[in-house]
There are 2 protein chains.
Amino acid sequence: MLFTKACEYGIRSVLFVAKQSLEGKRSTLKEIASEIEAPQPFVAKIMQQLVRGNVVVSVKGISGGFYIEPSQIKEITLTNIVFAIDKNFDSKLCAMGLKECSEVRPCPIHHTYKAIKKDIISMMDKSNLIEMAESLKNGTCFLSNLPKQPINNLQ
Amino acid sequence: MLFTKACEYGIRSVLFVAKQSLEGKRSTLKEIASEIEAPQPFVAKIMQQLVRGNVVVSVKGISGGFYIEPSQIKEITLTNIVFAIDKNFDSKLCAMGLKECSEVRPCPIHHTYKAIKKDIISMMDKSNLIEMAESLKNGTCFLSNLPKQPINNLQ
DNA sequence: CCTAAACAGGATAAAATTATCCTGTTTAGT
DNA sequence: ACTAAACAGGATAATTTTATCCTGTTTAGG
């Protein structure tokens, strides 16, 4: 598992908020949790971290909710989201858990894993919110599972 | 974190046992735990899983211990080790935790992550024990941290 | 055949992660 | 002002992962 569950929920939450923000809508906790099919109190905790990490903005009170300034959406990457939630996410760590794994004292898979880590970080840095949120709007990608009872729009 | 702590300990344990097996030596739990700097009772549990998964062989009784048949060492890969310990290790899972993420219904990072997963599996399949154990013997890679009090062999 | 060294495995404990609860504060609308 | 909707944050609970404990079985060697 690359990301913790908290990160997974966080990424999905931010993507939903970004998509809604593109349409000028704020999202409430209830809407986010329902959309991403995650427990609302846990999502609340994660959103707090994202607010503190300046990934999303929260507005209290009636008609409040979470949003991202549309001009900011293109600046945010997966890296920003993940680090806001999981301070310990550090792809620099050794795959085998060695504290002193390094170029001069490599673990047996150091060199292979190094290439993979580079790919992961590159993927995370390149994954910017605007592209993902727009794909969600286009319907070329998805955030949630198919509904259990398919809705027949033709009836 | 790509692997769980149990997998990390497991990989290091197997590598040590493989190296010792190349020299015709069995390894006891005490030796393994000490070498890889991990808690002995936890390593014991992990070794049990590796025995059940046919990655290593155990011999009970005095002068017993763990070993790998030298002819087998070249057949074992990281994949074998990891799956023996972590039944849930499944790189097919979605990076964002979606149950229904697929080619026809991809999550926003499905395609990028797919390439990374392929690399990870490829790395794991290519990492075979014999090469790693021999590198350990050669001293071109390492399993443990540097000793805290450097031993001065010249005195 | 007795002993000590070594693995096996069930039960339990500790720590980390995930999830929930409750009370407080903010704020739009009346 | 009052109310209801919404986020904030501390405290607690449940679950999973990590770690330990204890008793049993095996076996080489005296």
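This is a predicted model: local features need pLDDT of at least 70, side-chain atom pairs count only at pLDDT 80 or more; totals for chains, interfaces and linings use all residues.

Which side chain of chain A has an N or O atom 2.5 Å from a base oxygen of DNA strand D? I looked it up, and it belongs to A:Lys45. I'm calling that a polar contact, meaning a pair of N or O atoms within 3.5 Å.

Residues count from 1 along each chain as written, chains are lettered from A in the order written, and side-chain values use heavy atoms, without hydrogens and water.

Next I checked the phosphates of DNA strand D. The side chain of A:Ser58 puts an N or O atom 2.7 Å from a phosphate oxygen, and a backbone N or O atom of A:Leu29 lies 3.1 Å from a phosphate oxygen.

By class it has 11 nonpolar, 9 polar and 6 charged residues. α3(A) gives the most, with 4 residues. I took helices as DSSP runs of H or I, at least four residues long.

Last, I followed α3(A) to its partner α5 (residues 78-85) of chain A: the angle is about 115 degrees and the axes are 8 Å apart. The two helices are therefore roughly perpendicular (65 to 115 degrees). A:Ile46, A:Gln49 and A:Leu50 meet A:Ile81, A:Ala84 and A:Ile85 there, with contact meaning heavy atoms within 4.5 Å.

Methods
A polar contact is a pair of N or O atoms within 3.5 Å; within protein, one must be able to donate a hydrogen and the other to accept it, and residues adjacent in sequence count only if both atoms are side-chain atoms. Ala, Val, Leu, Ile, Met, Phe, Trp, Tyr, Cys and Pro count as nonpolar, Asp, Glu, Lys and Arg as charged, and the others, Gly among them, as polar. Axes are lines fitted to C-alpha atoms, for helices over the stretch in contact, and angles run from 0 to 180 degrees between N-to-C directions. Angles under 35 degrees count as roughly parallel, over 145 as roughly antiparallel, 65 to 115 as roughly perpendicular and the rest as oblique.
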